[in-house]
Amino acid sequence: MRFEHVKTILAGLASLGIGVGCLVLGSGMSAQKEGMSAWASTEGTIGWSTSVEKSGGRRGLTSGWGPSVSYRYVVGEQEYTSERLTAGGRNWSSNRGEVNEWLAPYRTGAIVTVYYDPGDPSESVLDRTDY
């Protein structure tokens, strides 16, 4: 009986720790996204974009599709390269066509607006919204 009580307490503490961790991580991401509204912008060029298959589980079964993009931009005289598409990361989808729609504005060679942190220009996104 005592062992069951200890297991219950440990499970509760683990859940509490996970919850607090998610809260801290989420508030940090939210603050960063809110700060992005003050980020500067510049012109950039898409190097490549594609939809990538996300596998999950031990058997490697397809779980969905996600976007992958690379772009170049210049701030001052420094050139940067990034693969960060959005503030929170685009969601994965089970529909590859939907991911390709997300990527439509980011075709290879396309000229795009890049939003970057003026305090650290290596931090950038193409889309400040969170999906």
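Leaving aside neighbours within four places in sequence, Ser82 is in contact (heavy atoms within 4.5 Å) with Val69, Ser70, Tyr71, Tyr73 and Ser124. The model is predicted, so local features need pLDDT of at least 70, side-chain atom pairs count only at pLDDT 80 or more, and totals for chains, interfaces and linings use all residues. Residues are numbered from 1 along each chain as its sequence is written, and side-chain values use heavy atoms, with hydrogens and water left out.

Ser82 lies in strand β3 (residues 78-82). Strands (E, at least two residues) and helices (H or I, at least four) are DSSP runs, numbered from the N terminus. The relative accessible area of Ser82 is 11%. Ser82 is therefore buried, a term for values under 20%, with exposed over 50% and partly exposed in between (1.4 Å probe, protein chains only). The side chains of Ser82 and Ser124 form a polar contact of 3.4 Å. Such a contact is a pair of N or O atoms within 3.5 Å; within protein, one must be able to donate a hydrogen and the other to accept it, and residues adjacent in sequence count only if both atoms are side-chain atoms.

The structure holds one salt bridge (a side-chain nitrogen of Lys or Arg within 4 Å of a carboxyl oxygen of Asp or Glu). Arg84 and Glu123 form this bridge through their side chains, at 3.1 Å from N to O. Distant parts of the chain are linked: Arg84 sits in the loop between β3 and α2 (96-103), Glu123 in strand β5 (residues 120-125), 39 residues apart. Arg84 is partly exposed at 21% relative accessibility. Glu123 is also partly exposed, at 31%.
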